[in-house]
Amino acid sequence: MKKFIFSVLTIAFVGLVSPINAQSSADAETMFKKHINKMVESVEKAETPEKKRELLNDSFDDLITSIEKVESMSAVPASEKEGLAIFKNDIQDKKSELNGINGFNKVPNNNLNNFANFVQQDLEQADTVTIGVTTLLLIIIILLLL
């Protein structure tokens, strides 16, 4: 039932946001930046390195899950899926660096706040990944539902 409701909401959402203008693009980016900023604030407020690392991992997992759900939607064009794949790989690399896997050195406990800020800046300035407003809004909606 949850899947059905989500599908209906997604179809309705895509139908409603198709005629999005440039202002909506700025709004979508602002919403995404606010979501990332909340993650950074949570990490900075966490009292232990374990909790900071857990918050970062959870945020990366939520982003990856959201991207994968949007990638699997048939309404998303192939060009958008390519951008999503690049974006997802970037997030996975950040998660690997955080945890010291896949050839990355683990982020030291005393650098977790700095790492969270680096991730925020990198994601906010990611001009190399071009995904459309509708796709970005879908990611945001899924993030909010997780």
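1. Burial first. A residue is called buried under 20% relative accessible area, exposed over 50%, and partly exposed in between, with a 1.4 Å probe and protein chains only. Gln 120, at 12% relative accessibility, therefore counts as buried. Gln 120 lies in helix H5. Gln 120 touches Ile 36, Asn 37 and Val 40, leaving aside residues up to four places away in sequence. A contact here means heavy atoms within 4.5 Å.

2. Basis of the note. This is a predicted model, in which local features need pLDDT of at least 70 and side-chain atom pairs count only at pLDDT 80 or more, while totals for chains, interfaces and linings use all residues. Residues are numbered from 1 along each chain as its sequence is written, and side-chain values use heavy atoms, with hydrogens and water left out.

3. Overall make-up. The protein chain has six helices and zero strands. Its elements run α-α-α-α-α-α from the N terminus on. Helices (H or I, at least four residues) and strands (E, at least two) are DSSP runs, numbered from the N terminus. Of the 146 residues, 34% count as buried. The accessible surface comes to about 8,600 Å², and 53% of it belongs to carbon and sulfur atoms. Those areas come from the Shrake-Rupley method with a 1.4 Å probe; for residues, only the protein chains shown count as cover. Among contacts between residues at least 6 apart in sequence, 74% join residues at least 24 apart.

4. Helix H3. H3 covers residues 49-71, which makes 23 residues. From first C-alpha to last it reaches 33 Å, close to the 33 Å expected at 1.5 Å a residue. The expected span is 1.5 Å times one less than the number of residues. The buried residues of H3 include Leu 56, Phe 60, Leu 63, Ile 64, Ile 67 and Val 70.

5. Helix H4. H4 spans residues 78-99. Its 22 residues should span 32 Å at 1.5 Å a residue, and the end C-alpha atoms are 31 Å apart, which agrees. Buried positions in H4 include Leu 84, Phe 87, Ile 91 and Leu 98. Glu 80, Lys 88 and Lys 94 are buried in H4 as well.

6. Nonpolar core. The term covers a set of buried Ala, Val, Leu, Ile, Met, Phe, Trp, Tyr and Cys residues joined through side-chain atoms within 4.5 Å. The largest such core has 31 residues, and those with the most contacts inside it are Phe 32, Leu 56, Ile 91 and Leu 123. H2 (22-45), H3, H4, H5 and H6 (133-145) each supply at least two residues of this core. H6 gives the most, with seven residues. Ile 91 touches Phe 60, Leu 63, Ile 64, Ile 67 and Leu 123, not counting residues up to four places away in sequence.

7. Salt bridges around Lys 94. A salt bridge is a side-chain nitrogen of Lys or Arg within 4 Å of a carboxyl oxygen of Asp or Glu. The whole structure holds six. Lys 94 pairs with Asp 90 at 2.9 Å, N to O. Both lie in H4, four residues apart, about one turn of the helix. Lys 94 also bridges to Asp 122, with the closest N and O atoms 2.3 Å apart. This pair links distant parts of the chain: Lys 94 in H4 and Asp 122 in H5 (residues 112-124), 28 residues apart. Lys 94 counts as buried because its relative accessibility is 5%. Asp 90, at 23%, counts as partly exposed. Asp 122, at 28%, is partly exposed too.

8. Other salt bridges. Lys 51 and Glu 54 form one, with the closest N and O atoms 3.9 Å apart. Both lie in H3, three residues apart, about one turn of the helix. Lys 51 is partly exposed at 36% relative accessibility. Glu 54 is partly exposed at 40%. Glu 68, Glu 71 and Lys 88 are linked in a network of salt bridges.

9. Backbone points to check. Most residues other than glycine have a negative phi. Asn 102 is not a glycine, yet has a positive phi of about 55°. Asn 102 sits in the loop between H4 and H5. At 64% relative accessibility, Asn 102 counts as exposed.
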